[in-house]
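Subject: Handover of a structure model

Dear colleague,

Please find below the sequence and the structure that I am handing over to you. My account of what was found follows directly after them.

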Amino acid sequence: MRYESWWMEGREKNMITLVYRLDGNPHEITIKDTKYFVKEIYSCEKHHKNAIITCWDLFVGGKVDIFGKPTELKLCDLKTAEWNKFYGSFLNEMKNTFIEELRKYERKALESKLIRACEAIKER
(Lines give C-alpha, C1' and ligand atoms only; values in the text may rest on other atoms or scores of the structure.)
Protein backbone atom coordinates (compact mmCIF):
# COMPACT_ATOMS: atom_id res chain seq x y z
CA MET A 1 0.00 0.00 0.00
CA ARG A 2 1.43 3.37 -1.00
CA TYR A 3 0.41 6.77 0.37
CA GLU A 4 1.84 10.24 -0.13
CA SER A 5 1.84 13.46 1.81
CA TRP A 6 3.74 16.73 1.56
CA TRP A 7 4.49 20.00 3.28
CA MET A 8 5.52 23.37 1.92
CA GLU A 9 8.64 25.32 2.88
CA GLY A 10 8.39 28.64 1.09
CA ARG A 11 7.70 27.66 -2.52
CA GLU A 12 9.30 24.24 -2.20
CA LYS A 13 7.07 21.16 -1.98
CA ASN A 14 8.61 18.43 0.20
CA MET A 15 7.26 14.93 -0.40
CA ILE A 16 6.72 12.09 2.08
CA THR A 17 5.96 8.64 0.72
CA LEU A 18 4.75 5.84 2.98
CA VAL A 19 4.87 2.27 1.66
CA TYR A 20 3.02 -0.05 4.03
CA ARG A 21 4.09 -3.63 3.40
CA LEU A 22 1.51 -6.34 3.92
CA ASP A 23 4.11 -9.14 3.87
CA GLY A 24 5.59 -8.31 7.30
CA ASN A 25 8.78 -6.69 6.01
CA PRO A 26 9.73 -3.25 7.37
CA HIS A 27 7.63 -0.38 6.05
CA GLU A 28 9.33 2.25 3.92
CA ILE A 29 9.15 6.01 4.55
CA THR A 30 10.76 8.33 2.01
CA ILE A 31 11.30 11.97 3.01
CA LYS A 32 13.02 14.32 0.54
CA ASP A 33 14.48 11.38 -1.43
CA THR A 34 15.90 9.70 1.71
CA LYS A 35 14.54 6.23 2.53
CA TYR A 36 13.95 5.01 6.06
CA PHE A 37 12.71 1.58 7.08
CA VAL A 38 10.55 1.17 10.18
CA LYS A 39 9.03 -1.91 11.79
CA GLU A 40 5.90 -0.17 13.12
CA ILE A 41 3.89 2.93 12.26
CA TYR A 42 1.81 4.68 14.90
CA SER A 43 -1.52 6.51 14.75
CA CYS A 44 -2.17 10.17 15.52
CA GLU A 45 -5.97 9.83 15.61
CA LYS A 46 -7.58 10.93 18.89
CA HIS A 47 -9.21 7.60 19.68
CA HIS A 48 -6.13 5.52 18.74
CA LYS A 49 -3.32 7.80 19.93
CA ASN A 50 0.07 6.01 19.71
CA ALA A 51 -1.54 2.72 18.65
CA ILE A 52 0.27 0.59 16.09
CA ILE A 53 -1.39 0.95 12.70
CA THR A 54 -2.60 -1.99 10.64
CA CYS A 55 -3.58 -1.95 6.97
CA TRP A 56 -7.22 -1.37 8.01
CA ASP A 57 -6.29 1.94 9.67
CA LEU A 58 -4.75 3.50 6.57
CA PHE A 59 -6.85 5.73 4.31
CA VAL A 60 -6.59 9.09 2.55
CA GLY A 61 -7.24 11.67 5.26
CA GLY A 62 -5.94 9.44 8.06
CA LYS A 63 -3.22 10.75 10.34
CA VAL A 64 -0.05 8.83 11.14
CA ASP A 65 3.00 9.62 13.24
CA ILE A 66 6.04 10.06 11.02
CA PHE A 67 9.06 10.40 13.33
CA GLY A 68 7.04 12.33 15.92
CA LYS A 69 5.25 14.61 13.44
CA PRO A 70 1.51 14.10 12.81
CA THR A 71 1.16 13.59 9.06
CA GLU A 72 -2.10 13.44 7.10
CA LEU A 73 -2.15 10.94 4.24
CA LYS A 74 -3.19 13.01 1.22
CA LEU A 75 -2.92 10.69 -1.78
CA CYS A 76 -2.73 6.98 -2.60
CA ASP A 77 -1.85 5.16 -5.78
CA LEU A 78 -4.42 3.36 -7.95
CA LYS A 79 -3.48 -0.13 -6.71
CA THR A 80 -4.01 0.95 -3.08
CA ALA A 81 -7.34 2.61 -3.92
CA GLU A 82 -8.55 -0.56 -5.67
CA TRP A 83 -7.42 -2.73 -2.74
CA ASN A 84 -9.28 -0.48 -0.27
CA LYS A 85 -12.42 -0.41 -2.43
CA PHE A 86 -12.45 -4.21 -2.90
CA TYR A 87 -11.96 -5.06 0.78
CA GLY A 88 -14.23 -2.21 1.90
CA SER A 89 -17.14 -3.54 -0.16
CA PHE A 90 -16.36 -7.14 0.89
CA LEU A 91 -16.34 -6.25 4.59
CA ASN A 92 -19.46 -4.10 4.19
CA GLU A 93 -21.30 -7.10 2.67
CA MET A 94 -20.17 -9.28 5.58
CA LYS A 95 -21.37 -6.67 8.08
CA ASN A 96 -24.78 -6.47 6.41
CA THR A 97 -25.08 -10.27 6.43
CA PHE A 98 -24.23 -10.40 10.14
CA ILE A 99 -26.76 -7.67 10.94
CA GLU A 100 -29.50 -9.54 9.07
CA GLU A 101 -28.65 -12.72 10.99
CA LEU A 102 -28.69 -10.82 14.31
CA ARG A 103 -32.13 -9.41 13.54
CA LYS A 104 -33.50 -12.94 13.30
CA TYR A 105 -32.59 -13.72 16.90
CA GLU A 106 -32.57 -10.34 18.64
CA ARG A 107 -35.83 -9.24 20.26
CA LYS A 108 -34.87 -5.61 20.79
CA ALA A 109 -33.84 -3.08 18.16
CA LEU A 110 -30.16 -3.05 17.19
CA GLU A 111 -28.06 -0.05 18.17
CA SER A 112 -27.87 2.62 15.48
CA LYS A 113 -24.04 2.51 15.41
CA LEU A 114 -24.25 -1.11 14.21
CA ILE A 115 -26.60 -0.52 11.31
CA ARG A 116 -25.40 2.82 9.90
CA ALA A 117 -23.27 2.71 6.77
CA CYS A 118 -19.74 4.06 6.83
CA GLU A 119 -19.36 7.34 4.92
CA ALA A 120 -16.28 6.20 3.00
CA ILE A 121 -17.93 3.00 1.74
CA LYS A 122 -21.17 4.51 0.40
CA GLU A 123 -21.38 4.41 -3.39
CA ARG A 124 -21.77 7.74 -5.14
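I begin with Lys-95, which is found in helix H1. Lys-95 has a relative accessibility of 24%, so this residue counts as partly exposed. The C-alpha atom of Lys-95 is separated by 9.7 Å from that of Ala-117, a residue 22 positions away along the chain.

Please note that the model is predicted. The average pLDDT of the chain is 84, and 91% of the residues score at least 70. Confidence is highest in strand S3 (residues 27-31), where the mean is 93, and lowest in helix H2 (residues 112-115), where the mean is 72.

Strands

An open sheet is made of 5 strands in the order S4-S3-S2-S1-S8, and the pairing is antiparallel. At its edges stand S4 and strand S8 (75-76); each has a single partner strand, so one side of each is left without a neighbour in the sheet. Strand S8 pairs with strand S1 (residues 2-9) over 2 bridges, in the antiparallel sense. In this part of the model, Glu-4 stands opposite Leu-75 of S8.

S6 and S7 also run antiparallel, and 4 bridges join them. These two strands form a hairpin with 2 residues between them. Phe-67, in the turn, has a positive phi of about 50°. Val-64 stands opposite Thr-71, which belongs to S7.

Aromatic residues

A pair of aromatic rings is described by two quantities, the distance of the centres and the angle of the planes. The structure holds 5 aromatic pairs. In one of them, the ring centres of Tyr-36 and Phe-67 are 5.2 Å apart and the planes stand at 70°, so the pair is edge-to-face. Tyr-36 lies in strand S4 (residues 34-38), while Phe-67 lies in the loop between strand S6 (63-66) and strand S7 (69-72); the pair therefore ties together parts that are 31 residues apart in sequence. With a relative accessible area of 35%, Tyr-36 is partly exposed.

Phe-86 and Tyr-87 form a further edge-to-face pair, with 4.9 Å from centre to centre and 85° between the planes. Tyr-87 is partly exposed, at a relative accessible area of 29%. Both residues belong to one aromatic cluster, which is formed by Trp-56, Trp-83, Phe-86 and Tyr-87.

A ring also takes part in a contact with a charge: the charged end of Lys-13 sits over the ring of Trp-6, at 4.3 Å from its centre.

Salt bridges

Side chains of opposite charge can pair when their charged atoms come close. The count for this model comes to 3 salt bridges.

Which residue forms a salt bridge with Lys-104? The partner is Glu-101, and the closest N and O atoms are 3.1 Å apart. Lys-104 and Glu-101 are 3 residues apart in helix H1 (residues 78-105), so about one helical turn separates them. Lys-104 counts as exposed, with 58% relative accessibility, whereas Glu-101 is partly exposed, with a relative accessible area of 34%.

The other salt bridges share partners and join Arg-21, Glu-28 and Lys-35 into one network. Between Glu-28 and Arg-21, the closest N and O atoms are 2.9 Å apart. Between the side chains of Glu-28 and Lys-35, the N to O distance is 3.7 Å.

Is Glu-28 buried or exposed? Its relative accessible area is 11%, so Glu-28 is buried. Arg-21 counts as partly exposed because its relative accessibility is 28%. Lys-35, with a relative accessible area of 53%, is exposed.

Yours sincerely

Key: Residues are numbered from 1 along each chain as its sequence is written. This is a predicted model: local features need pLDDT of at least 70, side-chain atom pairs count only at pLDDT 80 or more; totals for chains, interfaces and linings use all residues. Side-chain values use heavy atoms; hydrogens and water are left out. Rings of Phe, Tyr and Trp (its six-membered ring) pair if their centres lie within 6.5 Å; planes under 30 degrees apart count as stacked, over 60 as edge-to-face and the rest as tilted. Buried means under 20% relative accessible area, exposed over 50%, partly exposed in between (1.4 Å probe, protein chains only). A charge sits over a ring if NZ of Lys or CZ of Arg is within 6 Å of the ring centre and within 35 degrees of the ring normal. pLDDT is the predictor's confidence in each residue, from 0 to 100. Two strands pair if DSSP finds at least two bridges between them. A salt bridge is a side-chain nitrogen of Lys or Arg within 4 Å of a carboxyl oxygen of Asp or Glu.
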